[in-house]
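Open the model in your viewer and keep the selection tool at hand. The stops below go one by one, each with something to select and something to look at.

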Amino acid sequence: MAVPERDASDEGPGAGSGRGPGDGTEHGPVPGPAVRIASPAGRWVLLTTVLGSSMALLDSTVVNVALPTIGRDLDASLAALQWTVNGYMLTLAGLILLGGSLGDRFGRRKVFVVGVVWFAAASLACGLAPDVGVLIAARVLQGVGGALLTPGSLAIIQASFHPDDRARAVGLWSGFGGVGAAVGPFLGGWLVDGPGWRWVFLLNIPVALVCVPVALRHVPESAGTVNGAAAGDGSTAPRRRFDVLGAVLGAVALALVTYALIEARGASLVVVAAAVAGVAAGVAFVLVERRRPDPMMPPDIFASRQFTAVNLVTLCVYAAFGGFFFLTALQLQVVAGYSALEAGTALLPTTVLMLLFSARSGELAQRIGPRVPLTVGPLLCAAGMLLMLRVGEDASYLADVLPALLVMGLGMVTLVAPLTATVLASVDTGRAGLASGINNAAARAAGLVAVAALPVLTGMGPEAYRSADAFDAAFRRAMPLCAGVLVIGAALAFTTVRRPPPGCRRPECRTHGSVLAPPLEPRRVPYRAPGASARPEPDADPAA
């Protein structure tokens with residue numbers, strides 16, 4: 001199936017540039033370079049993008065393991081530990097849709113390098129933080145860097161490689177990123193027990209010192225085109241405005257709601273005001289997106305009932321996942337008495353199973369349809385969470401922890417790849433990248449809210465993580481709640497998800513290991529070889 005020369009609404013993960021059909025400013029096909037993956041240039045591009053995206057992916061998994069040690073070292077309350085996780089997720093979820101569009105305007109390599117440098121500088125601030133307030137502020141800044149480099153790395157691959165090699169390049173990028181996600185908890189535990197928790201953040205500095213020079217020397221610059229002319233070539237074509245207002249309103253709504261949930265134990269007037277203001281900001285976000293000619297999140301994309309339904313399933317699934325991994329890392333250390341390294345190693349089965357079997361799960365869903373995997377997968381994950389109720393003081397890893405995590409991992413394998421495929425299949429091919437970006441942001445926002453809400457819903461006090469008995473009691477209330485949310489997601493999938501029509505776009509990120517968000521999918525960039533006339537790019541072979 002041929003892909004049209006970039007639909008005006010094909011925004012990809014960076015949907016903030018608001019390209020509208022018929023406004024005289026559509027992007028045309030992107031000319032070369034056309035790097036081949038087997039060439040030295042192709043290997044350099046792949047190395048750069050893997051290093052950059054791995055920084056953000058590692059930080060999303062290693063920090064949970066370090067939380068008890070951070071709390072003891074900085075004398076932080078449970079609320080401060082929640083903000084340590086959520087400060088990063090807040091800006092990442094709120095700005096990831098906008099981040100990719102900056103590369104289309106200013107150059108993908110340039111924005112990617114800025115993101116890497118920003119992320120590394122924020123990581124340095126985290127590693128040197130004298131108190132928890134500085135740590136939280138630095139984590140917020142880290143999320144901004146993550147929102148620039150995460151979609152940027154994928155955009156570089158899509159813009160740099162020859163169409164015949166793009167699917168394989170995306171697959172390698174996704175696979176190596178999955179390896180990074182898998183080793184993250186183990187590496188984090190080793191660092192916490194060895195050099196100290198600050199090295200969880202400082203480790204990003206040498207990675208950035210390698211990544212930035214390689215990017216500047218070996219990665220070709222690329223940008224979107226305006227009326228067929230390369231961006232930055234002196235074209236006088238009108239530029240679209242970024243949806244900065246939409247991005248700010250979305251981030252403010254998330255921030256205020258998160259604050260209200262984390263501080264809800266006090267039930268003060270400030271908390272109530274924050275909750276009301278957060279809801280008001282959310283309503284304003286919807287109104288702005290409906291009225292803008294160039295919205296970050298076009299409301300009409302939700303006219304697809306399948307797309308709306310699968311995003312509701314995503315909210316349920318990743319809310320449960322976010323709460324589970326946040327609390328389980330603490331349960332294993334605070335209650336079961338594991339060291340940070342033991343806790344990180346204990347969590348490996350889930351990501352390893354996803355790395356090994358996610359591609360096969362996607363192939364199975366192509367044959368039988370997504371309804372069964374999206375129903376059975378959440379139910380398996382719910383069973384795994386209920387099995388975690390056996391993990392208490394002096395829990396045996398082989399008898400208590402491992403069975404629960406294996407069942408949990410099998411559930412994630414069953415549902416994540418079909419979830420991504422269904423998102424892509426529920427919209428026009430030209431909007432598949434935008435759909436993937438919205439789905440990824442929704443998953444991160446769901447995890448953010450869950451981390452904020454679960455402690456207050458389960459009665460955790462500000463010092464609960466310092467008491468094994470208090471934390472264990474709250475954990476035993478939290479796991480059934482997470483399992484219940486997954487059951488709701490399974491019911492939604494069973495009643496609303498249908499087999500997509502034939503010929504829909506299939507995911508290019510077929511191997512992945514992220515447990516906190518579904519993989520981002522690239523938008524298709526129409527290709528024109530240097531000196532050749534524009535032609536639509538054929539769909540990449542999913543088996544490549």
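Select W197 first: with a relative accessibility of 4%, it counts as buried (under 20% relative accessible area; exposed is over 50% and partly exposed in between, with a 1.4 Å probe and protein chains only). The model is a predicted one, in which local features need pLDDT of at least 70 and side-chain atom pairs count only at pLDDT 80 or more, while totals for chains, interfaces and linings use all residues. Residues are numbered from 1 along each chain as its sequence is written, and side-chain values use heavy atoms, with hydrogens and water left out.

How many aromatic pairs does the model hold? The count comes to 5, where rings of Phe, Tyr and Trp (its six-membered ring) pair if their centres lie within 6.5 Å, and planes under 30 degrees apart count as stacked, over 60 as edge-to-face and the rest as tilted. One of them joins W197 and F201, edge-to-face, with 6.2 Å centre to centre and 85 degrees between the planes.

F302 is partly exposed at 31% relative accessibility, whereas F307 is buried at 0%.

Now select R371 and F494. R371 lies over the face of F494, 4.3 Å from the ring centre; a charge sits over a ring if NZ of Lys or CZ of Arg is within 6 Å of the ring centre and within 35 degrees of the ring normal.

Two loop residues come next. D75 lies between helix 1 (40-74) and helix 2 (78-106); helices are DSSP runs (H or I, at least four residues) numbered from the N terminus. D75 is not a glycine, yet has a positive phi near 50 degrees, and is exposed at 62%. D394 sits in the loop between helix 13 (371-387) and helix 14 (397-425). Its phi is also positive, about 60 degrees, and D394 is exposed at 66%.

Finish with helix 3 (residues 108-127) and helix 7 (residues 204-218), whose axes come within 9 Å and cross at roughly 165 degrees (lines fitted to C-alpha atoms over the stretch in contact, with angles from 0 to 180 degrees between N-to-C directions). Helix 3 is therefore roughly antiparallel to helix 7, the term for angles over 145 degrees. Contact (heavy atoms within 4.5 Å) involves residues including F112 and V116 of helix 3 and A208 and V212 of helix 7.

Definitions and conventions:
Parallel < 35°, antiparallel > 145°, perpendicular 65-115°, else oblique.
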